[in-house]
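The following note is intended for a colleague who is new to this structure. Please read the numbered points alongside the sequence and the model.

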Amino acid sequence: MRIHLRLLAATALLTCAFGCGGDPTPTAPTGSGQTASIRVVSTLTDQPVSGVFATGGSIRSTRSDGSGLLTLEAAAPGRYSVSVTAPQFVTRQTTVAIPGNEARLDLIASSFDMTAFDQMFRGATSAGRIIKWTTAPALVVQRTGLLWTNSPDERYLAEDEQWTDADIEGVIADFTFGLQTISAGVFPAFSSIRIEQAAVGRMVTVPQAGAIVVARYRGLRGPSGDRIGGLGTANTDSAGVIRGAIVKIDRDNELGGPAFARRLRVHELGHAMGLSHVTSRASFMAPANGGLPNDADIEACRVAARRPPGSRSPDVDPATFIATFDTTHRIAQR
Ligand SMILES: [Zn+2]
């Protein structure tokens, strides 16, 4: 009798080790409802993740097998909010459609630098969520230098100085490199590239829908009134999709040479693609002297490429997002 009691106590402890730590205990499918299969991979390696399970109201889940495949079951068809959990990975909150077949979902490894990622992609300029272009933007290069002034409607006087053909070639090369790197290859090129040349003395209205408009400005100042080397800004809709962006390059800063100009252009393009400043580690998005994208930046960009606009920390998808057959593909197509 005493031995039996001790066994019961041990069982209770074990249950607590799995059930009391914060993760809800998974409930297995009964075989009586609608099902959906999900293949779970690691965000950065694409390797299948085993031992994953989902929890949520009214759903049951197997643990994923060696190929990352798990089965969800619900009594009725519908969209279900789930938390997808695995040891060594960040729990992802998302929505799945049941029934469904082989939706693909990726999980971020716990070792990933989420602090720097949140600064870069869910920072001050994007109100704590990911904002992004969901189709390749156009690039518009204004050849004529503009005179900066405090202009809320973004209208500036065209001056008599022009970017040379070589300048423009450099701008296009640096921006294309930045677009490829920051989108992690989702956008291999701009949807189009237009070179405009405003007539001297004309007022130019800079913003253009669907485009990143870059020009050189004389006497550029930032929001706080300080003289700055460059400025990138993005306009987003309520879902966090960027609809237009502006990059301003200070005329005098650009005279610092091609290497300096390239770093500045890629950094400002980062802002035009929704990125904020990183202070927790070295980054091309450091507020000053950040260099070109390093390995950690490239990893962060790859994670962001696999998250929808509206994604919040640590890994919460917006309610409108539904895991589908291939997340990356879906983002690239929209
Ligand atoms: Zn900046």
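1. Strands E2 and E5 (residues 78-85) pair in the antiparallel sense over 3 bridges. Strands (E, at least two residues) and helices (H or I, at least four) are DSSP runs numbered from the N terminus, and two strands pair if DSSP finds at least two bridges between them. Ala54 has Val84 in E5 as its bridge partner.

2. This is a predicted model, in which local features need pLDDT of at least 70 and side-chain atom pairs count only at pLDDT 80 or more, while totals for chains, interfaces and linings use all residues. Residues are numbered from 1 along each chain as its sequence is written.

3. The order E2-E5-E6 describes an open sheet of 3 strands with antiparallel pairing. Its edge strands, E2 (53-55) and E6 (92-98), each pair on one side only.

4. The largest nonpolar core has 72 residues, and Ile38, Val40, Leu72, Val96 and Val214 have the most contacts inside it. Such a core is a set of buried Ala, Val, Leu, Ile, Met, Phe, Trp, Tyr and Cys residues joined through C-beta atoms within 7 Å; a residue is buried if 20 or more other C-beta atoms lie within 10 Å of its own, with C-beta atoms placed from the backbone. Strand E13 (residues 211-218) gives the largest share, 6 residues. Because domain 1 (2-112) and domain 2 (114-305) both contribute residues, the core lies between them; these bounds come from an automatic or database domain assignment.

5. In helix H2 (residues 114-121), the buried residues are Ala116, Phe117, Gln119, Met120 and Phe121. They pack against helix H5 (295-305).

Methods:
A residue is buried if 20 or more other C-beta atoms lie within 10 Å of its own, exposed if 12 or fewer, and partly exposed in between; C-beta atoms are placed from the backbone. Two residues are in contact if their C-beta atoms, placed from the backbone, lie within 7 Å.
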